[in-house]
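Visitor: I would like to go through this structure with you. Could you start with the sheet and then move on to the side chains?

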Amino acid sequence: QSKDSMMRFEALLELQRKYMQLLDTQGGNIRLNRVIDHLFKSPEISDPYHMNMCGISYKTARQDISGLLEADILTRSDINTRPKYFFATEIINIIYD
């Protein structure tokens, strides 16, 4: 069990490095770094949450989330709710597989 926990921990650290490096190469910003940090605490986010967390406009939050969708860091939820939620499926898969 402890070996499994260590493997998951190492996989999460590697994924976080991968995401940060991806953001660096795509010209990311401090807001996106905050989103990545948030996703490793809670692997879901919505536009309004991001907007409030970073003190930005809805349009900017939407653009940031769209960029994370294009980078395959987030996936759009199939749940038909408002606000729309987005999930970090790679993080979820490491935690729950």
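**Sheet, core and salt bridges**

Guide: The three strands form an open sheet in the order β1-β3-β2, with antiparallel pairing. Strands here are DSSP runs of E of at least two residues, helices are runs of H or I of at least four, and both are numbered from the N terminus; two strands pair if DSSP finds at least two bridges between them.

Visitor: Which strands stand at the edges?

Guide: β1 (44–46) and β2 (75–76) do; each has a single partner strand, so one side of each is left without a neighbour in the sheet. This is a predicted model, in which local features need pLDDT of at least 70 and side-chain atom pairs count only at pLDDT 80 or more, while totals for chains, interfaces and linings use all residues. Residues are numbered from 1 along each chain as its sequence is written, and side-chain values use heavy atoms, leaving out hydrogens and water.

Visitor: How many bridges join β1 to β3?

Guide: Three bridges join β1 to β3 (residues 85–87), and the two strands run antiparallel. E44 stands opposite F87 in β3.

Visitor: And where does K84 lie?

Guide: K84 lies in the loop between β2 and β3. With 27% relative accessibility, K84 counts as partly exposed (buried is under 20% relative accessible area, exposed over 50%, partly exposed in between, with a 1.4 Å probe and protein chains only).

Visitor: Which backbone oxygens lie 3.2 Å from a polar atom of its side chain?

Guide: The backbone oxygen of S77 lies 3.2 Å from a polar atom of the K84 side chain, and the backbone oxygen of I79 also lies 3.2 Å from a polar atom of that side chain.

Visitor: Changing topic, which residues touch the most other members of the largest nonpolar core?

Guide: Of its 22 residues, these are I36, L39, I45, L68, I73 and L74. Such a core is a set of buried Ala, Val, Leu, Ile, Met, Phe, Trp, Tyr and Cys residues joined through side-chain atoms within 4.5 Å.

Visitor: How many salt bridges are there?

Guide: The count comes to five, a salt bridge being a side-chain nitrogen of Lys or Arg within 4 Å of a carboxyl oxygen of Asp or Glu. One of them joins K18 and E90 at 3.2 Å, N to O. K18 lies in helix α1 and E90 in helix α5, so this pair ties together parts that are 72 residues apart in sequence.

Visitor: What about D4?

Guide: D4 forms a salt bridge with R8, with the closest N and O atoms 2.9 Å apart. The two are four residues apart in helix α1, and therefore separated by about one helical turn.

Notes:
A polar contact is a pair of N or O atoms within 3.5 Å; within protein, one must be able to donate a hydrogen and the other to accept it, and residues adjacent in sequence count only if both atoms are side-chain atoms.
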